Amino acid sequence: MSELPFDAIERARVADDLQLFYLVACASFIEITTDLYTRNLGEYFAGDDEVTGWLESRWRPEELQHGAALKRYVQTAWPDFDWERAYRGFYDEYSRLCVVESLAPTRPLEMVARCVVEMGTASYYTVLNQASDEPVLRQLTRNIRNDEINHYAHFFHYYQKYGGRPGSGRLKTLRTLIDRLGELDGEDGYVAFKHVFTVRHPERTFSSETYKMFRRASARLAQRHFPYTMTVKMFIRPLEFGPRTQRMVVPMLAYGVRHGLMH
């Protein structure tokens, strides 16, 4: 936090960018709620001091720092937005949805799910980093992206520790990858946007169509800046394909992702 020059934010570059505002504000809500996720993961991996120790000593503080930095950015760049009020609404609703029962059925598969989440956040902050020319936001999102890639590496290590391997378990791993990928645009993002939008536009009524419009605008933004190859490599890594298979699969999947964002 002390390394980021929040006082030097060039507000003129971002003040009128409503889509960027939504993306940064929603991210700040989700990141700063890490205590909920950490509590659930701590219960799930209880007894494994290596995993729970890393979650408490590194993952949780870094994720909370992401949230605090993003909050500070939002409050500086868009000072008219009542962040505290919107966040209270988000937390009250989302805290009832974030439960241990939503985790994967086994520890290695939950680590696979964690890899997908970190892949998604690394891609998200890459897009944010490229979508704006505001220097402080670019520095902030670059730092967060690097942290998320590092978190991915830890979760993948723990996946291997718990016996994750190709072969007979590959199909279950693939199913978990696909299932968790489908949840990336999940309840946390929907609830965050709902409360950001409601406080930002008190004169308008929020609806599911409003959220769909936001998602379509986000997809158009991602088309130009999405790290296709990096994301695909992170996604398939738990499947542990050989080099030859990877060379065949990565371009095909990257093309599929690009096509999906276009439609």
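**Close-up views of a predicted model**

View 1. Val112 is buried, its relative accessible area being 0% (buried means under 20% relative accessible area, exposed over 50% and partly exposed in between, with a 1.4 Å probe and protein chains only). This is a predicted model, in which local features need pLDDT of at least 70 and side-chain atom pairs count only at pLDDT 80 or more, while totals for chains, interfaces and linings use all residues. Residues are numbered from 1 along each chain as its sequence is written, and side-chain values use heavy atoms, with hydrogens and water left out. Val112 belongs to helix 5 (residues 107-131); helices (H or I, at least four residues) are DSSP runs numbered from the N terminus. Apart from residues up to four places away in sequence, Val112 touches Tyr159, Thr173, Thr176, Leu177 and Pro238 (contact means heavy atoms within 4.5 Å).

View 2. Helix 7 (residues 170-182) contains 13 residues and reaches 18 Å from its first C-alpha to its last, close to the 18 Å expected at 1.5 Å a residue (the expected span is 1.5 Å times one less than the number of residues). Thr173, Thr176, Leu177 and Arg180 are buried in helix 7. These residues cover an arc of only 100° around the axis, which puts them on the same side of helix 7 (the arc is that of the directions from the helix axis to the C-beta atoms). Asp179 and Gly182, on the other side of helix 7, are exposed. Helix 5, helix 6 (135-161) and helix 10 pack against the buried residues of helix 7.

**View 3. The buried face of helix 4.** In helix 4 (residues 83-94), the buried residues are Trp83, Ala86, Tyr87, Phe90, Glu93 and Tyr94. Seen down the axis of helix 4, they fall within an arc of 135°, so they line one face of the helix. Their cover includes helix 1 (18-31), helix 2 (34-44), helix 3 (49-77) and helix 8 (187-200).

**View 4. Helix 4 against helix 8.** The axes of helix 4 and helix 8 come within 9 Å and cross at roughly 145° (axes are lines fitted to C-alpha atoms, for helices over the stretch in contact, and angles run from 0 to 180 degrees between N-to-C directions). The residues of this contact divide into 6 nonpolar, 2 polar and 5 charged (Ala, Val, Leu, Ile, Met, Phe, Trp, Tyr, Cys and Pro count as nonpolar, Asp, Glu, Lys and Arg as charged, and the others, Gly among them, as polar).

Definitions and conventions: Helix = DSSP H or I, 4+ residues; strand = E, 2+ residues; numbered from the N terminus.
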